[in-house]
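Hello,

Here is the structure I said I would pass on to you. Please have a look at it, and below you will find my notes.

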Amino acid sequence: MDAEWIAFTAGLKPAIRRTADPADLDRVEAQLRATGAVVLRAAQTALLGAREQGVLYVARSAAHAAALRGAEEGVLPGRGGAGDPRASHREVGRLLGFPACCVEAFLARLDRGVDRLAEGGPTGLAEDYVAARGAWVPAADARVNPLLMPVRAQLVSFYPCRYDCPAAVALAEALRASLAALGAKTAASLMALLSRPVAIASDGARALLALDESGAVVARAAAPRRSDGVSDPRDASLAASLTGARVAVGGALDRAGPAGLPVWCVDFGARALPA
Ligand SMILES: [Zn+2]
């Protein structure tokens, strides 16, 4: 199940962005075109991690797709640098249908450096860790869990400003309901995965947790798995170090990751969800 595609076809998103290996780009583009969507290709490839990726913009109108491609031209990951990055990111977020509050929170991180905590300290931290520390709330809503995107378990495709952001939750809930209407079992198993507490380290390694009855001690930890069963080795070694760790009230674990910063726990299992 591809939640992004379902969100687009259900009208919950005005446009989506697709990335693919350059060798696969023609095939993916043709597949998307065959659905009747308008598809435009970025002039340059992006660098995601160390991987070169082709970027496709999928929309219902040529004007929307062209506006999205134009807005991202100066801020393509690993390229860009031209124009006004703030204005470009704001426009990309708007054209992809992301909540304005979540885009503004991203821009605030961009201003100080996305690899640095709001309170300062070292740079070079994983963007997911910095975003998670900023969005943390005691009872996070599983529907806006963005931390399992690497294993393709997600309802949102942006960083929520808070893990209970009403605008983000409303978007995610609409998509959850669409998924459930298409396949109740698949939607329920996605929600079961998203509803687990997640630990994230400052290098971006992450693990799924089971907490003990007190909610203050890690009973078990496991690396998230992709649908083919493969886990990131960094996630596996983080998980192996977390059993018995204590979770403080603010989310910090008594385990330090790289740069001496504590591993952080976000409890996406603390809230009841719609059935
Ligand atoms: Zn928000």
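Strand 6 and strand 7 form a hairpin, with six residues between the two strands. Glycine 215 sits in the turn and has a positive phi of about 75°. Leucine 208 has alanine 222 in strand 7 as its bridge partner. Strands here are DSSP runs of E with at least two residues, helices are runs of H or I with at least four, and both are numbered from the N terminus. Two strands count as paired if DSSP finds at least two bridges between them.

Before you go further, please note that this is a predicted model: local features need pLDDT of at least 70, side-chain atom pairs count only at pLDDT 80 or more, and totals for chains, interfaces and linings use all residues. Residues are numbered from 1 along each chain as its sequence is written.

Now for the overall picture. The protein has nine helices and nine strands. Its radius of gyration is 19 Å, close to the 19 Å that the globule rule gives for 275 residues, so the protein is as compact as a globular protein of that length. (The radius is taken over C-alpha atoms, and the rule is 2.2 Å times the number of residues to the power 0.38.) Along the principal axes, the C-alpha trace spans about 55 × 45 × 35 Å. Of the 275 residues, 38% are buried; buried means that 20 or more other C-beta atoms lie within 10 Å of a residue's own, exposed means 12 or fewer, and partly exposed is in between, with C-beta atoms placed from the backbone.

How is the protein divided? The domain assignment gives domain 1 (1-91) and domain 2 (98-275), with bounds that come from an automatic or database assignment. Their C-alpha centres lie 25 Å apart. Across the boundary, 10 residues of domain 1 are in contact with 15 residues of domain 2, a contact being two C-beta atoms, placed from the backbone, within 7 Å. On the side of domain 1 that touches domain 2, helix 1 (3-9) and helix 4 (85-95) each supply at least two residues, and helix 1 gives the most, with four.

Which residues touch the most other members of the largest nonpolar core? They are Val58, Cys102, Ala199, Leu209 and Leu242, in a core of 77 residues. Such a core is a set of buried Ala, Val, Leu, Ile, Met, Phe, Trp, Tyr and Cys residues joined through C-beta atoms within 7 Å. Helix 7 (residues 166-182) provides the largest share, six residues. Domain 1 and domain 2 both give residues to this core, so it lies between them. Not counting residues up to four places away in sequence, leucine 209 touches Arg196, Pro197, Val198, Ala199, Val218, Ala221, Leu242 and Cys265.

Finally, two loop residues to look at. Arginine 152 has a positive phi, near 65°, and is not a glycine; its loop runs between helix 6 (127-135) and helix 7. Arginine 152 is partly exposed, with 14 other C-beta atoms within 10 Å. Alanine 259 also has a positive phi, about 70°, and lies in the loop between strand 8 (252-256) and strand 9 (262-267). Most residues other than glycine have a negative phi.

Best wishes
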